[in-house]
Amino acid sequence: MTIHWCGTGLSAIPGLRRLIEGGHKVTVWNRTVDKARAEVGDLTDDIRAFDIDALGVVLEKGDVIVSMLPGDWHVPLAELAISKGANFVSSSYIAPEMRALDDTAREAGVALVNEVGLDPGIDHLMAHALIDDYRGSDAFDPENHLSFISYCGGIPKNPNPFRYKFSWSPLGVLKALRSPSKSIRDYAPLDVARPWDAISSYIAPLPTPESFEVYPNRDSIPFMAQYHFEDHWPVKEFVRGTLRLNGWADAWSNVFTEIETLSGPEGDARLKEMSDQFWEENAYDEGEPDRVVLCVGLKAEKDGVEVWHKTYVMDACGDERGTAMARLVSIPVSLAVEAVLNRAIPAGVHAAPSDPKLVQGWMGEIDKLAQHLQIVDHTA
């Protein structure tokens, strides 16, 4: 069985190298062969120019396609995988078009695994671990009132005046700022048109507690079912969001003001201009360390009293192994590939696994990637 790894961008390399070094049969596909050779040419000669038709010719039953390409490619590659009886893995969110392939994938007996990077990915694993821990605790009561938070951010280890640095084109970050979000606050859905309308402060329970700015992103509410929350549980708060350095909102205030006025083709052109400027002024320098902070917390209250409260917290920095972001995105992807090859993930469309054995095993590997990984018990 061959792993067809498509895409060798900045966040793809550590996981790809891990699979090749682990003795797996891997074919590397990239739009620019020379770039792929520069990254993994010391490990393999099986590097080809990405072409979906060429991939289709050599793809065999039981193979795994990994898409680290832009999101537009995920569904076509997943459909190709199904047609050949092969499997598919990506780190991206499950789009509705991907979700719609579930029945077809089950009938074909193949797994389409997504959301197995950093966020989404490691955050899901942490959430599943906490929910299982809570369910198994003496404090568990279906009538407890629950608060859940999940905040993740890639931030510069050495803060700059802009309070942020870019590993790749800033355009995606700018576009995300125009997206609405939905979460739960005070037992009711909270709709936010723009992230800067809902920035709050969060103290991360690191060895030295540290304050960050946080805001909700996307639609958090469907993840309640994904994390196995029961419909009848009272949920006071449920939010998945983004974490930024303190001072970020002030440093970006002019950006927010301008983004609010942009629309249509002219607006898109201006976003591209802003992106180019930010890339020039605030890109990571060669070898400059990045930092990733991820906190996932679950709190249960009974009659207004905290009876169970734990936070899974991770702090990782770029080091001699490369960037923290690349490790934390691509190595979980490689773990998902191995799980698929081992038939540890069933047929159909899936996000990061909730199976306790897989969660524990993967978190053990992730512990090696971060400088700090801990479950903090706030009631101990």
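Student: Which strands does helix 4 lie across, and at about what angle does this helix run to strand 5?

Tutor: The model is a predicted one. Helix 4 covers residues 74-84. It lies across strand 4 (64-67), strand 5 (87-90) and strand 6 (111-113). Its angle to strand 5 is about 160 degrees.

Student: In what order do the 7 strands of the open sheet come?

Tutor: The sheet is open, and its pairing is parallel. The edge strands, each pairing on one side only, are strand 3 (47-49) and strand 15 (348-350). Neighbouring strands are turned by 20 degrees against each other on average, direction ignored. The order is 3-2-1-4-5-6-15.

Student: Which residue in strand 3 is the bridge partner of V28?

Tutor: Strand 2 spans residues 26-30 and pairs with strand 3 in the parallel sense over 3 bridges. Helix 2 (residues 33-40) lies across strand 2 and strand 3, at about 160 degrees to strand 3. The bridge partner of V28 in strand 3 is I47.

Student: Is R327 buried or exposed?

Tutor: R327 is found in helix 13, residues 324-341. Beyond its neighbours within four places in sequence, R327 is in contact with residues including P14, D319, L369 and Q371. The relative accessible area of R327 is 2%. The cut-off is under 20%, so R327 counts as buried.

Student: How far apart are the closest N and O atoms in the salt bridge of R18 with E338?

Tutor: R18 lies in helix 1 (residues 13-21) and E338 in helix 13, so the pair links distant parts of the chain, 320 residues apart. R18 is partly exposed at 22% relative accessible area, whereas E338 is buried at 19%. The closest N and O atoms are separated by 3.0 Å.

Student: Which helix holds both R106 and D102?

Tutor: R106 and D102 form a salt bridge, with the closest N and O atoms 2.9 Å apart. R106 is partly exposed at 46% relative accessibility, while D102 is buried at 17%. The two residues are 4 apart, about one turn of the helix, and both lie in helix 6.

Student: Which residue meets K236 in a salt bridge?

Tutor: K236 is in strand 12 (residues 235-245), and its partner is in strand 13 (residues 290-302), 65 residues apart. The side chains meet at 3.6 Å, N to O, and the partner is E301.

Student: How many salt bridges does the count come to?

Tutor: A pair counts when a side-chain nitrogen of Lys or Arg is within 4 Å of a carboxyl oxygen of Asp or Glu. The pair of K236 and E301, at 3.6 Å, is one of those that qualify. By this rule the count is 24.

Student: Which residues form a nonpolar patch on the surface together with W279?

Tutor: W279 is found in helix 12, residues 264-282. A patch takes residues with over 30% relative accessible area, and W279 is partly exposed at 37%. The patch has about 340 Å² of accessible area together.

Conventions: Residues numbered from 1 in each chain as written. Predicted model: local features only at pLDDT ≥ 70, side-chain atom pairs only at ≥ 80, totals over all residues. Heavy atoms only, no water. Pairing = 2+ DSSP bridges. Axes fitted to C-alpha atoms, helices over the stretch in contact; angles between N-to-C directions. Contact = heavy atoms within 4.5 Å. Patch = residues over 30% accessible without salt bridge, like charges linked within 9 Å, V, L, I, M, F, W, Y side chains within 5 Å. Areas by Shrake-Rupley, 256 points an atom, 1.4 Å probe, with all protein chains shown as cover. Buried < 20%, exposed > 50% of the residue type's maximum accessible area, 1.4 Å probe, protein only.
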